[in-house]
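This report describes how side chains are arranged in one protein model. Please keep the sequence and the structure in view while reading.

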Amino acid sequence: MADEHEIRATSDHTIAIIERLGQIEHDKRGVALGSPEFISMAAEVERLSRLLFRWSGFQMQLATESASAVSRGDIPAEPLAAVQPRPLDRVLALWREAQIRLELAKPGSPEADAAATDIERLREEYHATTEAKLSEDETDGV
């Protein structure tokens with residue numbers, strides 16, 4: 001189960017995908033119809049749209065799981081805006097730990113599957129947290 005920091009990172013990543021889609025669509029309006037650049041931009045919109053669709057399914061899974069986690073008291077019942085992303089060094093440490101678990105696990109075992117799932121989730125959290133930090137820095141004029 002993801003904690004509130006991972007759920008926040010997932011939300012941040014979704015926003016970044018949506019913003020990138022919007023930017024490409026905006027830029028595509030200034031490109032000649034039928035040009036290679038127009039086609040390339042349309043392909044990128046399609047790729048990002050598919051990613052967004054998969055990501056929204058993951059968000060729905062996390063949202064459903066969060067209801068149980070809140071009722072158990074595992075995570076606080078607070079708005080995502082109040083949750084700060086986990087520090088990147090903590091995400092990296094957890095990611096490395098999951099990689100070690102995967103290396104030690106028997107291939108195809110439940111332990112290996114769990115470690116692989118954790119690696120993917122933490123990779124995405126790292127990516128989302130990094131993107132959010134970069135966006136924050138750009139907004140702050142850093």
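## Nonpolar cores

Apart from residues up to four places away in sequence, Ile24 has contacts with Met41, Glu44, Val45 and Leu48. The model in which these contacts are found is a predicted one. Ile24 also belongs to the largest nonpolar core, which consists of nine residues: Ile17, Leu21, Ile24, Val31, Phe38, Met41, Val45, Leu48 and Trp55. Helices α1 and α2 each contribute at least two residues to this core. Its largest share, five residues, is supplied by α2. Another core, of six residues, lies apart from it and includes Val91, Trp95, Ile119 and Leu122. As a general background, nonpolar side chains tend to be buried together in soluble globular proteins.

## Aromatic pairs

How many aromatic pairs does the structure hold? There are two. In one of them, Trp55 and Phe58 are tilted, with 5.5 Å from centre to centre and 55° between the planes. Trp55 and Phe58 lie three residues apart in helix α2 (residues 36-72), so about one helical turn separates them. Trp55 counts as buried because its relative accessibility is 8%, and buried means under 20%. Phe58 has a relative accessible area of 23%, so this residue is partly exposed.

The rings of Trp95 and Tyr126 also form a tilted pair, because their planes stand at 55°, and their centres are 5.8 Å apart. Trp95 is part of helix α3 (residues 88-104) and Tyr126 is part of helix α4 (residues 110-140), so this pair ties together parts that are 31 residues apart in sequence. With a relative accessible area of 18%, Trp95 is buried, whereas Tyr126, at 27% relative accessibility, counts as partly exposed.

## Salt bridges

Side chains of opposite charge can pair when their charged atoms come close. In the whole structure, a search finds 10 salt bridges.

| Residues | N to O distance |
|---|---|
| Asp12 and Arg8 | 2.9 Å |
| Arg121 and Asp118 | 2.8 Å |
| Arg123 and Glu124 | 2.5 Å |

Arg8 lies in helix α1 (residues 4-28). Asp12 and Arg8 are four residues apart in helix α1, so they are separated by about one helical turn. Is Arg8 buried or exposed? Arg8 is buried, because its relative accessible area is 18% and the limit for buried is under 20%. Not counting residues up to four places away in sequence, Arg8 touches Leu80, Ala81, Val83 and Pro85.

Arg121 and Asp118 are both found in helix α4, where they are three residues apart, about one turn of the helix. Asp118 has a relative accessible area of 18% and is therefore buried. In the bridge between Arg123 and Glu124, Arg123 counts as partly exposed at 34% relative accessibility, while Glu124 counts as buried at 12%. Salt bridges with shared partners also join Glu97, Arg101, Asp118 and Arg121 into one network.

Conventions:
Residues numbered from 1 in each chain as written. Predicted model: local features only at pLDDT ≥ 70, side-chain atom pairs only at ≥ 80, totals over all residues. Heavy atoms only, no water. Contact = heavy atoms within 4.5 Å. Phe/Tyr/Trp six-rings, centres within 6.5 Å; stacked < 30°, edge-to-face > 60°. Buried < 20%, exposed > 50% of the residue type's maximum accessible area, 1.4 Å probe, protein only. Core = buried A, V, L, I, M, F, W, Y, C linked by side-chain atoms within 4.5 Å. Salt bridge = Lys/Arg side-chain N within 4 Å of Asp/Glu carboxyl O.
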